[in-house]
Amino acid sequence: MIFDELRAIQLRCGYLPKAELEALSERTQTPLYQLHSVASFYPHFHLAPPAKAEVRVCDDMSCHLNGSCELRAELHRRFAGQRPDDLQMKNVSCLGRCDQAPAVAVNDEIFVHVNADRVEELARLAMHGDHPRAEHPHVPRVACASDPYGDGEKYGVLRRLVGSRDWDAVLALLKEAELRGMGGAGFPTSMKWDLVRKQSDPVKYIVCNADESEPGTIKDRFIISHLPHLVIEGMVIAGLVTGAKKGIFYIRHEYPLQEEIFGEELRRCAKSGMLGKKILGSDLDFELEVFVSPGGYICGEESALIEAIEGHRAEPRNKPPFPGQLGLWQKPTVINNVETFANVPQILARGVEWFKSAGVGGSRGLKFVGVSGQVEHPGVFEVPMGTSMSDVIFGHAGGIRGGKKLKAFAPSGPSSGYLPASLVDVKLDFKALADVGSMLGSGAIVVCDETTCMLDMALNSTKFYRNESCGKCVPCRMGSQKMVELITRWTQGGLSDSQFAADLQLVEDLSAAMSQTSICGLGQIVPAPIQSVLKHFRAEVEAHVFKGQCPSGICFSAANRLAELPRVGIRP
Amino acid sequence: MTPAGLIELTIDGKAVQVPPGTTVFDAARMNGISIPTLCHLQSQTPVGVCRLCVVDTGARVLGAACVRPVEPGMKVQTNSEKVLAARKTLLELLMADHPSPCARQRHSGDCELETLAKQAGIAASRFPRRTISRGQDDSSLAIAVDHDACILCDRCIRGCDEIKSNFVLGRMGKGYSADIAFDLNAPMGDSTCISCGECMVSCPTGALTNKGVAGTALAAGPDAALTAEELHKLPVFAGVSGTFLDLNRGAIVRRRFRKGDVICREGDFGSTAFFILEGKAQVSISAPIAHVKTAGGALGFFKRLTSSLVGREQDNRAEEAHDRTIPIDASVDLAYGNPVAELGPGDLFGEMTCMNFYPRSATVRAETDVVAYEMLRNVLDIMQKNKTFRAQIDQNYRRRALENHLLGVPMFAELSPDFIEHLRESVELVRYAPGQVIARQGDPADSFYLVRIGFVKITEEYPGGELVLAYLSRGDYFGEIGLLGGGFRTATCTALDHVEVVKISGDDFRHMVARYPNIRAGLEKVAAERRAANEQRLQMLENVPLDQFLSQGLMEAQSLLILDLQNCTRCDACVNACADAHDGVTRLVRDGLRFENYLVATSCRQCRDPLCMVGCPVGSIRRRNSLEVIIEDWCIGCGLCARNCPYGNINLHPFEVLGDDPEHFGRKKAVVKQKATSCDLCTHLKEPSCVYACPHDAAHRVDPRKFFGQMLGPGGCR
């Protein structure tokens with residue numbers, strides 16, 4: 001595999017030297033350009049020798065709300081004059097530590113709850129040739145209401161199914177339960193599985209998408225840590241139902257601890273005959289392996305994820321055909337989110353009635369949500385579907401930090417846009433959130449207190465998409481950049497009525513073109529943050545534009561005006 | 001009724017029937033409905049990245065017609081308001097960053113993006129423009145790359161991969177920073193690109209355009225022009241895109257020369273190379289093989305002295321080269337004593353002139369009737385990138401010139417035939433593009449190089465800068481210091497223009513010096529001399545001069561003629577003395593840069609970076625270890641060095657000699673030939689004539705560092 005080869009070179013040389021790539025090209029008969037186009041796509045690979053200390057500061061939503069701008073400005077000041085081969089500071093996209101913000105990566109090791117002193121200390125260690133390692137305090141497994149097994153024997157559903165082989169019943173139950181995808185799009189799971197089951201191709205794949213990378217999204221990290229057996233059981237069941245004999249667990253490379261926990265559970269399963277050839281002594285086979293993502297939010301898009309596994313640039317495919325028809329290696333493929341797979345044994349173990357009753361107000365099942373931003377107790381919580389947002393924010397997450405007031409919240413990271421405090425009673429449910437013009441998405445609730453500037457947050461979210469656009473199609477590649485430029489112009493004020501009116505029309509046209517013509521969900525959702533802010537916080541936008549004032553005192557501040565740091569993976 | 005095996009759908013209200021698997025784009029096209037696109041070409045697999053062909057199929061979002069297969073009962077709208085508005089915005093996005101009019105639009109008015117934008121009524125994009133250029137790549141001789149005009153439609157990539165199977169081009173980076181790149185992001189000219197032109201033909205905009213050679217379409221007789229079809233029949237052009245050949249039609253012609261015709265003349269400027277198909281030609285140098293010698297005694301300065309042309313037999317100068325061959329721009333070398341050789345079918349000559357626009361190095365005359373291709377450098381480039389052709393040319397070189405080339409270096413004269421035979425097979429012929437580093441100071445030394453074509457700049461880094469140690473040209477060699485010494489490169493060797501070197505591996509080199517102790521001794525001697533000279537030069541640089549000093553380029557000089565303006569009465573006695581000392585041709589002009597009250601007269605400054613040496617077609621200008629410029633006997637008087645000298649210090653000295661009569665082949669007549677000369681510091685005299693002649697003690701020849709250093713006082717020269 002190309003990534004394994006590239007990783008081996010990088011491990012040996014610290015980066016990918018030209019001569020090594022030329023030798024690899026010769027040895028594997030891979031054109032040079034293919035190696036380069038892949039290596040230059042993923043932030044994980046260095047094409048030039050890295051600095052002794054590579055400091056990467058996350059500035060996405062939750063970290064942004066927790067002072068990453070000021071941190072960055074302070075580090076900039078402290079590191080001024082450092083030689084570029086000693087230290088390089090760059091921005092990095094969400095590291096998946098939103099509940100422990102702000103987070104930085106020093107030489108690919110992630111550190112949380114940092115301040116300038118800590119980062120400086122780490123950077124100096126790295127510059128002296130040390131390899132500062134993050135500590136992973138042992139966190140005991142949390143007992144979850146979702147776990148049908150508790151302390152008892154696990155994999156009961158799988159044992160039962162291997163005996164009964166009633167695959168149709170599994171599909172019927174999932175259909176009756178109306179289980180929907182938990183990764184963001186909410187596609188009915190039974191339909192996806194049924195499509196793959198009906199394909200005549202003898203080779204099929206099951207892929208678990210554990211590449212959650214959207215700012216605020218940390219729930220899969222929690223599920224993998226505490227319920228890995230449910231994920232594995234769900235994947236094996238998917239394989240048995242659809243006839244796939246191979247599964248791939250695609251995990252983001254920023255989750256080394258979860259990779260370890262999952263790997264341990266895998267080994268346990270293989271030992272006890274739950275996986276591999278002849279599952280539990282039957283004639284059923286299912287192999288499961290882990291694939292570590294070479295990085296990038298776009299890899300979470302299902303067809304881009306497939307491209308990444310195949311060793312290509314993670315560029316989403318045109319659809320149709322869907323992965324269910326032609327997926328990994330052009331074979332029928334089920335791709336589901338971690339939480340979706342974990343839901344399957346819950347439903348099969350406890351029945352549809354339990355699933356229906358687990359939610360409140362007509363919603364179904366339990367939901368893991370990540371709450372981050374300006375709350376007292378950021379973290380991942382297991383709540384009944386249909387719980388009101390205010391119960392989550394003020395109950396589970398302990399309310400707004402420092403006794404401040406709630407100003408806005410994003411129900412699911414940048415894709416859901418921002419809702420004002422007045423809508424805080426909205427239910428955590430597919431339909432309820434869609435009705436207020438937002439979405440349940442992946443349950444990444446990001447909370448903004450009264451000191452937040454919403455135009456700044458819209459810009460921050462849009463920049464995230466711009467940075468993570470793969471660049472394959474015109475609307476997303478060009479549009480995300482132009483959107484950032486237009487919003488930036490607004491944050492700088494000094495526009496006339498007619499200029500702003502023209503800009504608004506332009507944003508309107510651009511939004512329509514992006515959401516209508518982009519190949520994948522990333523490009524289609526780029527307009528969401530600014531559209532939501534224009535809808536709910538128009539006066540705040542106009543204060544910037546016409547009066548040159550940021551009501552929250554953020555947009556014209558020195559920290560914010562600091563030139564944007566070069567992005568990882570994006571050449572200056 | 002839909003016929004069996006067909007799918008019926010509606011496009012813009014019109015019911016159409018097409019086979020399953022047809023794309024919406026094709027279904028529309030087959031039914032006379034055209035959908036705009038930028039990334040789709042009929043000959044390539046559709047990729048659906050430009051999104052201009054989006055259509056409304058009633059789904060949640062619009063779909064790209066080029067990749068959307070038809071479905072029974074589908075209702076497609078190709079030009080609804082929603083579709084048109086989206087397309088217009090996409091065009092505006094692209095136009096915001098497009099360098100309009102791009103190269104394609106300027107040259108042929110057919111940039112597809114600009115055409116579509118115009119059709120959509122877009123006068124100016126409402127979006128902010130890109131602020132930072134994505135760069136241009138001028139390294140290919142045949143194709144110009146303008147990344148700013150690239151819309152990442154991937155047509156070039158598919159042309160290179162799918163159509164030509166060359167696999168050179170791909171996308172690099174991601175998002176808004178994505179670009180196309182060759183190999184590992186190499187300049188196109190240095191990449192494995194074979195200049196087939198398919199990418200350029202596929203490109204919808206001015207991102208990849210045909211360079212041609214501006215304004216130099218070859219004049220040709222009625223039957224000389226070659227059509228693209230004729231060219232395609234030649235094996236060397238087999239893999240090249242027809243459109244590309246068509247665009248380069250005027251850049252190659254078939255020429256017929258009658259016996260006695262001059263094909264090209266030494267010293268002439270040109271831009272073409274020749275490839276002989278039939279017949280024989282004689283290559284020779286008609287300028288006298290001699291240098292300018294000023295005769296006169298050490299006494300009597302006001303006596304008129306005379307300059308004359310003398311060869312090395314009569315006047316052996318210090319440090320003069322003792323090469324027995326004269327390198328020329330062909331696959332043969334000429335002998336010092338008898339500079340004549342023969343060229344025949346399969347021989348390519350004029351490469352240096354064609355690639356680097358240097359003057360012709362020799363005169364080629366048809367010995368029999370000759371048929372040859374004459375080509376401009378874009379076509380030569382295509383031919384040279386053809387593996388078979390290259391192999392043939394290389395083989396020619398190995399067979400005919402390598403031996404001369406090696407034996408031409410006096411030190412290698414004792415190489416035995418069997419060893420030369422071994423080298424013939426084992427050496428590598430390597431090409432470098434302008435600016436490419438051949439060996440870097442500090443890197444391990446692993447080979448020895450002999451320059452075959454072009455100029456190699458040898459530089460040494462020292463704290464705060466770099467010093468040009470030498471410019472090496474054809475016949476020169478380098479790399480021995482590293483191999484004989486510490487095993488590391490002591491200087492950086494960079495290709496100054498299109499360079500080709502004969503690379504002898506470290507093993508072969510070690511084998512050679514072990515077997516031939518005299519060669520070892522000779523090389524060690526030269527290496528020691530070079531090292532000493534380099535050190536000497538570096539020592540001179542220890543004091544870094546003042547800004548003004550630098551800006552006037554005075555510190556470039558090792559030795560200056562200065563005139564003290566307080567004493568100078570502008571009597572021009574120095575100029576006259578110089579003219580008197582040099583046959584009436586002065587090498588001194590009493591004009592130049594001023595520094596304080598000194599005029600720095602224009603006379604050879606013996607620069608640290610001697611630009612005069614770059615491009616001499618026969619390698620006859622070089623410098624001694626004393627840094628003084630020496631012009632070797634085989635100067636052909638083309639005058640390139642005089643033009644290259646930034647200070648106007650090299651002059652051409654005309655002589656009347658008996659030469660070939662251009663009108664009558666085989667006859668001789670008196671013709672005027674020129675020889676380059678520069679200030680020789682009147683080395684034949686005790687003191688330069690100009691300094692001696694000055695009646696006011698205003699003229700001095702000084703070392704600038706010492707002189708100005710004293711003048712500026714301590715700290716003046718940091």
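**Figure 1. Secondary structure and overall dimensions of chain A.** In this predicted model, chain A comprises 23 helices and 13 strands. Its radius of gyration is 24 Å, close to the 25 Å that the globule rule gives for 572 residues, so chain A is as compact as a globular protein of that length. The C-alpha trace of chain A extends over about 70 × 60 × 45 Å along its principal axes.

**Figure 2. Burial and contacts within chain A.** Of the 572 residues in chain A, 54% are buried. Among the contacts in chain A with a separation of 6 or more, 72% join residues 24 or more positions apart.

**Figure 3. Helix H1 of chain A and the residue that follows.** Helix H1 of chain A covers residues 2-13, which is 12 residues. At 1.5 Å a residue, helix H1 should span 16 Å, and its end C-alpha atoms are 16 Å apart, so the two values agree. After H1(A) comes A:Gly14, with a positive phi near 85°.

**Figure 4. The contact between chain A and chain B.** Chain A contributes 40 residues to the contact and chain B contributes 38 residues. On the side of chain A that touches chain B, at least two residues each are supplied by helix H2 (18-28), helix H3 (32-39), helix H17 (454-468), helix H18 (474-491) and helix H19 (497-517) of chain A. By residue class, this side of chain A holds 16 nonpolar, 15 polar and 9 charged residues.

Definitions and conventions: Residues are numbered from 1 along each chain as its sequence is written. Chains are lettered from A and ligands numbered from 1 in the order in which they are written. This is a predicted model: local features need pLDDT of at least 70, side-chain atom pairs count only at pLDDT 80 or more; totals for chains, interfaces and linings use all residues. Two residues are in contact if their C-beta atoms, placed from the backbone, lie within 7 Å. Helices (H or I, at least four residues) and strands (E, at least two) are DSSP runs, numbered from the N terminus. Ala, Val, Leu, Ile, Met, Phe, Trp, Tyr, Cys and Pro count as nonpolar, Asp, Glu, Lys and Arg as charged, and the others, Gly among them, as polar. The radius of gyration is taken over C-alpha atoms; the globule rule is 2.2 Å times the number of residues to the power 0.38. A residue is buried if 20 or more other C-beta atoms lie within 10 Å of its own, exposed if 12 or fewer, and partly exposed in between; C-beta atoms are placed from the backbone. The expected span of a helix is 1.5 Å times one less than its number of residues.
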